[in-house]
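Please look over the sequence and model below.

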Amino acid sequence: MELFDPGRWAQTLSNSDLLWQGFFFTIQVSLAGLLVSLVMGTLLGVFSTTRSRVLRAIARVYVEFFQNTPIVVQVFFVYTAGPMLLQAITGASHVVRIAPFVLVVICVGLYHGAYVAEVIRTGIEAIPRGQMEATQSQGFTRVQGYRYVILPQTFRIILPPLANQALNLVKNTSVLALIAGGDLMYQADIIVADSGYLQGYIVCCAMYFLICFPLAMLVTWLEKRSKAPRKAKATHAVPAATADGEV
Amino acid sequence: MRRTHIPASDASLARGTAVAGGATAPGGRGITRRGFVSLAGALALGAAASSTLALAGCSGSGSSSGQGLKAIKSRGYLNCGVKTDVMGYGYQDTATGKFTGMEIDICYAIAAKVFGVSSATARRRDLVKFTGVTAKTRGPLVDSGQVDLVCATYTITPERKQSWNFSDPYYTDSIGMLVLKSSGIKSVADLDGKIVGVGEGADTKAQVQAMLKSQGHGDFKVSYPQYLDYPTLAAALASGNIDVFAIDRSIIRTYVNDSNELLEPKLVFGKQQYGVCTAKSSTELTRLVNGVVGTLVSSGDIARWAKKYKLL
């Protein structure tokens, strides 16, 4: 069977420097995309938990739009319409091209930003409002309440789904191949198209696996940790003397 | 100072509240991640072992369905693999389902010879059954006997000749470069620093590079992004993401419109010859096809069709 043909494997592996090039490109795109998605997600996640109707509406519309349209369509739209729109905005004489790297970082970042926003919203909502009231009754300011009580718990809750989003984000960067972006999928596709041997796809899968599997293990570990009862941290004992000063 | 007791206090507060939408599989049921690793290892070993067996067993595959002329005659029609989306060569009208193009005419001429009638009769009596093929499917379709021959902008190469029979070339195609009229690119001398989009799996990039070199522009810095398919390439050109769309002229024809034009149409490079492909096993048909193609070329029919279909 051709799948196990040693000659085809040898030829595919002789092109592996191209695949590694794509591998590192994919990692770079993923990291940058993750950063964008975290920024967008945090912003919108906080928006959707505020009292402001307008901010909540903005967050809602954003999240629903990006969650309910395919990322491939979004990328294609930005790719084909983006240069002309930029030309119109900047008034340049020629269409303004967007580098595939930037384009996909933005698209993937915005797309996953919507999911991250939901993760953060549910994380914040998971902490009962009463806790904030309790902190305030103890003399905390709002910021202190967030800093010491609400956010530490939120992080524990949201980290597993966040890592899960990072994993999906890595896989979604493969849309770069459609716009000749130079990522792992693109390189694999070229190798397969040039040689006609599908071994390139197998190596490509293995490389995505190399990135994603550690992330998946991280998700499992974080999930386990977030379920485990949390041990109290050792704190500095409150010196009895200071208690005298309290009312 | 007053806050020192705080970090410990949050531990006892609300636990067990809804965890935000994580979609990962829980490790508990079915297969755990660690279990998966060991399973994968075992599979890899198994694959390595079976590959040696597979290598020994699968060399003599490929069905040899009756592809002699007799089989075709008793069937009553000729099965031809043609392109469905290449204007002028093999093009299927989506509304009527009718095929048109030079390669369609060639198929009818071959069928006419097989059944001993005129081309016009072959067409009228529907003696050819067309099957749409793509670059990836045409070889396998001939191998499996689903089509008797393929006449679909199939370039004759030494490697392909090892797997299939090819007729003498019926047409020589070359590479065309499509640019936007508004781009200001008027000759290949304007290509320095430009982006030339090419299709995947084609050696267009090498051909363009060789052409630039022969034109004395070997020092030009040109990038060649490769696209999965031609519609995407066309969209990339229209949206200004690439400066030039370089591809076989046969294919480029479909994408010519009011806003773009062929760059230096007189400049012919990257020549390639199209031949009719048949299976190695069908020797009779191959001989007949070769005879028909020879007649079509020498009689000037091909040249007339090329003009009729406005081939670039």
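What is the mean pLDDT of chain B, and what share of its residues reach 70 or more? The mean is 80, and 78% of the residues of chain B reach 70 or more; pLDDT is the predictor's confidence in each residue, from 0 to 100. Two stretches of chain B fall below 50, tabulated here with their contacts beyond near neighbours in sequence (C-beta atoms, placed from the backbone, within 7 Å).

| Stretch of chain B | pLDDT | Contacts |
|---|---|---|
| residues 1-28 | below 50 | 52 contacts |
| residues 51-66 | below 50 | 11 contacts |

Where pLDDT is low, the predicted coordinates should not be read in detail. The model scores ipTM 0.70 and pTM 0.68.

This is a predicted model: local features need pLDDT of at least 70, side-chain atom pairs count only at pLDDT 80 or more, and totals for chains, interfaces and linings use all residues. Residues are numbered from 1 along each chain as its sequence is written, while chains are lettered from A and ligands numbered from 1 in the order in which they are written.

Chain B holds an open five-stranded sheet, ordered β5-β1-β6-β15-β7, with mixed pairing. Strands are DSSP E runs of at least two residues, and helices H or I runs of at least four, numbered from the N terminus; strands pair if DSSP finds at least two bridges between them. β5 (128-132) and β7 (165-166) of chain B each have a single partner strand, so one side of each lacks a neighbour in the sheet. Parallel strands β1 (residues 78-82) and β6 (residues 149-150) of chain B are joined by two bridges. B:C80 lies opposite B:L149 in β6(B).

B:V150 touches B:G81, B:V133, B:R138, B:L141, B:V142 and B:C277, leaving aside residues up to four places away in sequence.
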